[in-house]
Amino acid sequence: MLRYTLKRLGYMVLTLWIIITVTFFIMHLLPGTPLKNEEKIPPEIREQILEEYGLKDPLPVQYVKFLGNLVQGDLGKSLTLDGREVVDFIIEGFPVSAFIGSQAVIFGTLIGLLLGTVAGLNRGKIVDNFAIIVAVFGVSVPSFVMGGFLSYFVGVKLQWLPTGLWESYESSILPSLALSFAVIAQISRYVRTEMVEVLDQDYMKTAKAKGLNRSSIVVRHALRNALIPAVTVLGPLAVNIITGSLVIEQIFALPGLGKFFVQSIQQNDYTMIMGVTIFYSVLIISVIFLVDLLYGLIDPRIRISGAKE
C-alpha cells in the first residue's frame, strides 16, 4: 500500500508541473499586457514598469524564475490589484467560495443518497421515475440558470431570502441551492444504478435467506457497495462545485475567489492567474488522491489489490 501511495504522489507532482507549464505559456499568448491604460503611458515609463516586474525577460527565463519562487512558496504579487500578495486574495476570497460550495455538496449529497436509495429500492415505481426526472433535470439545467431562477422567484417575487451580497448566512442559501442540483443529480443517478445492480447479486439473496431484516440488508450490504461509484464521482464533483462557482458568484454578487480570477484574466494579471490556477489544481489533485485512498475503506478488495501492487 505504501508503494501504491508513493506512486500516486509522484503522479500528483507530475500532473501539477504539467498544469503549471501549460498554463504559464498559454497565459502569455493573451493579447496585451497587465498595464492599465497602456496607450496613455509614455514609452519610457512603460518599459521601466515591464522591467521592474521582469516582463522584459525572455519567456523561458520568466518561467524558470517563477518556478524558483514557487518552490520557495512565493506566488508573487498581483500586477493589477494594488500590488498585493496573491496569497492574500486567496485567503480573502476562497472561504466564501468554499462555504457555499461545501454547503451545496453536503445538501446535494444527503438528498442524492436518499433519493437514489429510495429509487433503487422501488425500481419502476413512481419514486424511481421521479428520481430519474430529477437527475435529468439537474444534469441538463446549468447552475447559473438555476441561480437566476431562484434569485428572481425566491428572492425578488417571494422575498424569502436575499438576492445577493454577503451580509448574513441567509445570503449563502440561494447560491448553495443553485449549485446543489448538479450534486443531487449525479449522486442519485449513481446510487440508484448501483443499488439496482447490488440488490440482484447472489450475496443479497443469501443475506435475506439468513433472516436479516430489510434495513440491515440495505445499510450494511447494499448501500455500502453502492457508495463506491458515488465516492468516485463525489470527490472531483465537490471540487468542481467549490471552484466552479464563478458565474454563481457573479449572479449573487459574492466576494469569492472567482471574482478575482475573472478580473485577473480580463486584465492579464499573470501572477494572479497562475496563483489561482495552482491553488485550484492542488485542491483538485489532492481530492482525487484522497478519493483513491477512500476506496480501501469502503471495499477491502481494493485495499488488498493496492497492497499487491
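I take buried to mean under 20% relative accessible area, exposed over 50%, and partly exposed in between, with a 1.4 Å probe and protein chains only.

**Basis.** I note that this is a predicted model, in which local features need pLDDT of at least 70 and side-chain atom pairs count only at pLDDT 80 or more, while totals for chains, interfaces and linings use all residues. Residues are numbered from 1 along each chain as its sequence is written, and side-chain values use heavy atoms, with hydrogens and water left out.

**Phe261.** I looked up this residue and found it in helix 11, residues 257-266; helices (H or I, at least four residues) and strands (E, at least two) are DSSP runs numbered from the N terminus. Phe261 counts as buried because its relative accessibility is 14%. Leaving aside residues up to four places away in sequence, Phe261 touches Leu246, Ile273, Val276 and Thr277, where contact means heavy atoms within 4.5 Å. I also recorded Met272, eleven residues from Phe261 in sequence and 7.1 Å from it in space, C-alpha to C-alpha.

**Leu14.** I then turned to Leu14, which lies in helix 1, residues 2-27. Leu14 counts as partly exposed because its relative accessibility is 45%.

**Whole chain.** I count 13 helices and zero strands in the protein chain. Of its 309 residues, 40% count as buried. Among contacts between residues at least 6 apart in sequence, 75% join residues at least 24 apart. The accessible surface comes to about 16900 Å², and 66% of it belongs to carbon and sulfur atoms; these areas come from the Shrake-Rupley method with a 1.4 Å probe, and for residues only the protein chains shown count as cover.
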